[in-house]
Every structure is written in structure tokens, then in C-alpha cells.
Amino acid sequence: MSHPDSTASTGTSPARTRLPGGSSLLSGLPGRQGFGDASLIRVGEGSINLGGGNPDRSLLPVDLYREAVHALMDSPGYGERLGYVPAAGTPSFRALLAEREGVSPDRIIVTSGGINGLALAVLGTLDPGDTIVVDDPIFPLFLRVLDLVPGVRVVPVGVEADGLDVDALEAHLAAGVRPQAVFTVPTFHNPNGAVLSAQKAQRLAALAERWGFMVFADDPYRELAFPGAEVPAASWIRDSEHVIGVNTFSKTLGPALRLGYTVVPSALAEQYVKLRNRLDGQASGVLQDIVERIVGRPEYAQANAAAGAVYAQKARALLDALHRELPGALDIIEPQGGFFLWGRFRDQEADFAALFDAAQDEGLVYQRGEWFGVTPTAGARGADAGAGGAADADGVAGAGGVAGAADHGIGGDPARTRGAVRLTFAELEIPTLEEGAARLGRAWRRIHG
């Protein structure tokens with residue numbers, strides 16, 4: 001099964017019907033299918049949901065929140081802080097984030113969460129007809145961000161145990177693909193948990209500088225490493241004018257906070273401030289003040305380290321339970337941080353749609369691997385060659401995620417995601433995780449014998 005969002009229109013598709021009173025963009029936005037499509041999920045009483053991306057809220061630094069809020073409310077002139085703040089963020093918060101990232105404050109743009117940061121990067125980099133190289137498997141919500149620029153063409157590249165397959169990217173470049181951007185999740189990849197090695201990161205940045213494309217480094221899990229895990233330094237983001245770092249506090253301070261930041265190239269920083277201003281004006285100055293008071297304390301890093309240690313225990317418990325309940329059935333990438341475990345059934349002839357239904361009958365919900373794929377659809381083509389001279393040489397199609405492999409041999413490999421499952425270990429307690437593995441085992445035996 002290809003990624004459901006791969007049905008987005010291509011340059012040669014019939015024109016979309018424009019809704020009365022709506023723009024072409026508004027009229028053409030696809031609904032959620034597959035990942036995030038509630039119509040496919042049956043969560044009954046007693047169901048275990050291993051499909052989400054929430055942190056364990058008991059591990060969030062609530063005491064730091066409480067102290068920061070009280071300190072803000074009790075500070076002199078609190079009422080004066082309730083006005084507008086600069087579009088790029090409050091100066092003191094930007095300075096703190098810049099110190100943490102090792103960059104100049106003018107490169108920091110405060111955003112309303114990670115997706116807002118990705119939207120900023122997409123709108124600031126891509127035009128209709130441009131090509132972007134993306135992870136395969138991919139974080140599916142990024143494909144929906146690409147819907148903001150209709151007609152963007154997508155080239156998927158595999159993600160290995162040490163991150164994006166830079167050799168494959170280089171081969172595409174040698175074959176004539178000319179991306180405007182590359183998207184990857186470098187640390188504790190969503191969905192497969194990979195960590196981009198320092199060597200690959202440097203090569204990726206060097207290729208970006210040589211060929212003139214931008215790298216979107218979406219990095220929400222970096223601070224949630226397991227004890228002993230090696231996380232390469234993010235200097236490749238800091239040191240390159242061809243990398244945009246996208247960060248969020250959703251995983252460390254909670255997704256309801258809606259606060260993040262991007263590290264943009266210094267040469268484009270002024271323009272990104274203008275773009276930020278035109279999107280939603282500014283992020284909440286009150287929230288920036290609160291988070292500045294939290295992140296600036298050593299207890300914040302300590303809370304993240306403690307959370308990483310608990311997540312490691314949960315991941316190990318789920319991993320052991322899967323091996324116990326499904327002996328020899330799964331190839332599993334052992335996570336070193338983040339929220340997710342990625343496993344793939346070795347028997348590729350099984351009916352994985354039936355498995356998903358059987359799991360829900362057992363009271364288990366998870367994310368099917370196929371929903372993270374970026375795979376070809378027969379007959380799909382990229383934008384007309386006339387739009388950009390040699391556009392079809394890229395062999396790719398619309399921003400929904402389908403590549404025109406039927407014509408040009410460039411497309412995602414269905415084998416990367418077929419029969420895979422993405423399971424979160426972050427939110428639930430260990431006994432519930434173990435019961436979830438047991439339910440998956442029962443579902444597998446129901447359809448597999």
C-alpha cells in the first residue's frame with residue numbers, strides 16, 4: 001500500500017475544483033488518510049494505543065513550570081509584558097536559544113511549535129515545481145506541510161541505521177536531480193529511530209553547499225537520548241548556511257505548549273523574520289518568558305536526562321516483550337532515544353491490512369509502516385517539462401509524496417515500509433506496553449496461523 005497522501009495532484013493532473021469562496025490551495029487540501037485518519041482506527045474501551053506521539057506527562061518538569069509561572073506573575077510590571085513582542089521572538093529568549101545552539105541570536109526565529117517551523121522552512125525555500133528529497137520512511141505530517149506549496153515534486157531516499165542514505169542522494173544528484181531542499185529527521189528518527197552519523201551529516205552539509213540546496217533538519221527528539229547513547233553534535237547545522245534547524249519543546253515540555261524555534265541561515269534571517277511576521281505575527285510572549293525561565297535552569301537538562309532514562313526502560317520492556325510474544329517474527333531497530341520503536345515482519349507475504357484489523361479486534365492500535373512510505377503510483381508524473389526545462393528528468397510527482405517511478409525509475413521502495421509497525425513506548429506504563437505486545441502476538445497468530 002502506498003502512502004495515502006500520495007494521491008495529491010501532479011503537474012499533469014486535471015485542475016482541482018475550486019470551492020465557492022475558497023482558494024485553489026484551500027480547495028485542494030487532501031483529508032487525512034492512513035496516518036492520523038481516525039476513521040481507520042477503532043479505539044474501544046480497554047484498547048491500548050501504541051500509535052501516538054505524546055510524551056509521558058508524568059515525566060514533564062511540572063514543578064519548573066509552576067515556579068516559572070509564579071515568578072513571572074509576581075515579577076514587577078507583569079502587566080507590561082502582555083503586549084506584542086517582536087516577530088522573531090523576545091530578545092532575551094532568542095539570546096538564550098542562540099547560546100544553546102552556538103549561533104548568533106539573529107539566526108533564531110521563535111515559532112509556534114515544530115510544524116510552524118517546518119511551514120516556515122517550506123514557504124521560505126520552495127516554489128511550485130521545485131524538487132525536494134525526503135526521508136523514506138517519512139514523518140507523514142511533513143508531506144502535509146508540503147501541501148502549502150502545490151506542485152512540489154518529491155524524491156524519496158531511504159533511511160539507514162545511521163540516517164539518510166547520503167550515497168543514494170549523491171547518486172540522484174549525479175543523475176541530474178536538482179533538489180531545492182532535502183528533509184530529514186537526524187536524531188532518533190520518526191518513525192525508525194535512526195541517528196544520522198556525524199560523517200553523514202558533514203557529507204550532507206557539504207553536498208548542500210556544493211549543489212545549492214537547503215537541508216531541513218527536523219530535530220524534536222535530540223534531548224531525549226537514552227543513557228549511554230551517542231548523539232553526534234549538531235555543529236553541521238550551526239556551521240552551514242545551507243541547513244535550517246527545526247526544533248520544538250513539544251517532546252520535553254509538552255505538545256500543548258506550542259513553542260519551538262528554527263535556526264535559519266544568517267543571509268536569509270531578515271527575510272525569515274518578515275515571513276514569520278506575515279504568517280501569524282508572533283509566538284506568545286508570555287509563553288516565551290515562561291520557557292526562558294525553565295530552559296535557562298540546570299534542572300531542565302536534568303529532567304530531560306531523567307526522562308530519557310525512563311524511556312529507555314520502557315523501550316527495553318517493549319522490545320523484550322515483542323521478542324517474547326513474536327519470537328523470530330520481527331526485525332527490530334533497537335531505539336537509542338526518542339519515542340518510537342520500528343519493527344518489520346520478516347514474512348512479507350502476510351496480509352498486513354488483516355493484521356491491523358485483527359490487532360484492533362484484540363484491543364491494540366498502532367501505526368502501520370505503509371503509512372510512512374513515499375512510494376510510486378503507476379502513471380504518475382512530475383510537472384510538465386516545459387515548466388522548468390528538464391523537470392521530468394527528476395521523475396517525481398506532487399507534494400503528497402508519490403514519485404513518478406513508473407516513468408523514470410525514481411520512487412520510494414515499498415519494501416522499506418511493508419509489514420512494518422511503528423510503536424510508541426513513551427506514553428504508557430511498562431505493564432501496558434507488555435500487554436500491547438501480547439495483543440499484537442495474538443493478532444499475528446490469528447492471521448498467520
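A polar contact here is a pair of N or O atoms within 3.5 Å, where one must be able to donate a hydrogen and the other to accept it. Keep that in mind as we walk through this predicted model, starting with one lysine.

Lys314 sits in helix H12, which spans residues 298-325. Its side chain reaches the backbone oxygen of Ala426 at 2.9 Å. Who surrounds it? Setting aside neighbours within four places in sequence, Lys314 touches Asp56, Phe425, Ala426, Glu427, Leu428, Glu429, Ile430 and Leu433.

Lys314 also takes part in a helix pairing, between H12 and H16. The axes of H12 and H16 (residues 430-448) come within 9 Å and cross at roughly 25°. Since angles under 35 degrees count as roughly parallel, that makes H12 roughly parallel to H16. The crossing is right-handed. On the H12 side, the contact includes Gln313, Lys314, Ala317 and Leu318, and they and their H12 partners meet H16 residues, among them Ile430, Leu433, Glu434 and Ala437. By type, the residues of this H12–H16 contact split into 9 nonpolar, 2 polar and 5 charged.

Now hop over to another pair, H4 (residues 114-125) and H10 (residues 269-280), whose axes come within 11 Å and cross at roughly 120°. H4 and H10 are therefore oblique to each other, and their crossing is right-handed. H4 brings Asn116, Leu120, Ala121, Leu123, Gly124 and Thr125 to the contact, while H10 supplies Tyr272, Leu275, Arg276, Leu279 and Asp280. The tally for the contact of H4 with H10 is 6 nonpolar, 3 polar and 2 charged.

Methods: Residues numbered from 1 in each chain as written. Predicted model: local features only at pLDDT ≥ 70, side-chain atom pairs only at ≥ 80, totals over all residues. Heavy atoms only, no water. Axes fitted to C-alpha atoms, helices over the stretch in contact; angles between N-to-C directions. Helix = DSSP H or I, 4+ residues; strand = E, 2+ residues; numbered from the N terminus. Parallel < 35°, antiparallel > 145°, perpendicular 65-115°, else oblique. Left-handed = near helix turned anticlockwise from the far one by under 90°. Contact = heavy atoms within 4.5 Å. Nonpolar A, V, L, I, M, F, W, Y, C, P; charged D, E, K, R; others polar.
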